[in-house]
Amino acid sequence: QLQLVESGGGLVQPGGSLRLSCAASGFALRGYAIGWFRQAPGKEREGVSCISSTSDNTYYADSGKGRFTLSRDYDKNTLYLQMNSLQPEDTAVYYCAARRFATAPNMCRTSPTLGYWGQGTQVTVSS
């Protein structure tokens, strides 16, 4: 069974940090474009950071540049998102996704109807 499972979300104060994890099973992340998305209440899903299927390019949305870092461990078949200097506007459900044959920017524009998606993990930034 092909599956992505996110973890690491929670409640954090403004200025704090969180590290999200996305464990893949049933397929190998290597060779897939992979990325993190988020959706806040009443807003469209946004691509936060993505890596191309050739692993040679990483894209960050303006909202996360300088604060978020995407990394992956192919041996553990896991994707990570380190988030620093979190602000209330970062509050959202964060999803990871994977699909074949995409550049990093295109991966971050992927429709939820394409590829594989996790169920999401809630991140709440509040004092």
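**Before you click**

This is a predicted model, where local features need pLDDT of at least 70 and side-chain atom pairs count only at pLDDT 80 or more, while totals for chains, interfaces and linings use all residues. Residues are numbered from 1 along each chain as its sequence is written, and side-chain values use heavy atoms, with hydrogens and water left out.

**Stop 1: the whole chain**

Stay zoomed out for now. The cartoon shows one helix and 11 strands; these elements are DSSP runs numbered from the N terminus, with helices being H or I of at least four residues and strands being E of at least two. Follow the chain along the sequence and you read β-β-β-β-β-β-β-β-β-α-β-β. The radius of gyration is 13 Å, close to the 14 Å of the globule rule for 127 residues, so the chain is as compact as a globular protein of that length. That radius is taken over C-alpha atoms, and the rule is 2.2 Å times the number of residues to the power 0.38. Draw a box along the principal axes and the C-alpha atoms fill roughly 40 × 25 × 25 Å.

Now colour by accessibility. Of the 127 residues, 44% count as buried (buried is under 20% relative accessible area, exposed over 50%, partly exposed in between, with a 1.4 Å probe and protein chains only). The chain exposes about 6400 Å², and carbon and sulfur atoms supply 46% of that; the areas come from the Shrake-Rupley method with a 1.4 Å probe, and for residues only the protein chains shown count as cover. Contacts are worth a look too: among those between residues at least 6 apart in sequence, 60% join residues at least 24 apart, a contact being heavy atoms within 4.5 Å.

**Stop 2: strand E3 and its partners**

Select residues 18-25, which make up E3. Strand E1 (residues 3-7) runs antiparallel to E3, and five bridges join them; two strands pair if DSSP finds at least two bridges between them. To line up this pair, pick Gln 3, which stands opposite Ser 25. E3 also pairs with strand E8 (residues 78-83), again in the antiparallel sense, over six bridges. Here Leu 18 stands opposite Met 83.

**Stop 3: two loop residues with positive phi**

Most residues other than glycine have a negative phi. Go to Ser 55, where phi is near 60°, in the loop between strand E5 (46-51) and strand E6 (58-60). Ser 55 counts as partly exposed because its relative accessibility is 26%. Next, jump to Asn 77, with phi near 55°, in the loop between strand E7 (68-73) and E8. Asn 77 counts as buried because its relative accessibility is 15%.

**Stop 4: the charged pairs**

Show the side chains of Lys, Arg, Asp and Glu: the structure holds four salt bridges, each a side-chain nitrogen of Lys or Arg within 4 Å of a carboxyl oxygen of Asp or Glu. Start with Asp 62 and Lys 65, whose bridge is 3.2 Å, N to O. Both Asp 62 and Lys 65 are exposed.

Now pick Arg 38 and Glu 46, with closest N and O atoms 2.8 Å apart. Arg 38 is buried at 8%, whereas Glu 46 is partly exposed at 26%.

Then select Asp 90 and Arg 67, which come to 2.7 Å between the closest N and O atoms. This pair links distant parts of the chain, with Asp 90 in the loop between E8 and strand E9 (92-100) and Arg 67 in the loop between E6 and E7, 23 residues apart. Asp 90 is buried at 1%, and Arg 67 is buried at 18%. Which residues belong to one network of salt bridges with shared partners? Keep Arg 38, Glu 46, Arg 67 and Asp 90 on screen, and you have it.

**Stop 5: the rings**

Finish with the aromatics, which form four pairs (rings of Phe, Tyr and Trp, the last by its six-membered ring, pair if their centres lie within 6.5 Å; planes under 30 degrees apart are stacked, over 60 edge-to-face, the rest tilted). Select Phe 37 and Trp 117: their ring centres are 4.6 Å apart and their planes at 55°, so the pair is tilted. The two residues are 80 apart, Phe 37 in strand E4 (residues 32-39) and Trp 117 in strand E10 (residues 116-117). Phe 37 is buried at 1%, and Trp 117 is buried at 15%.
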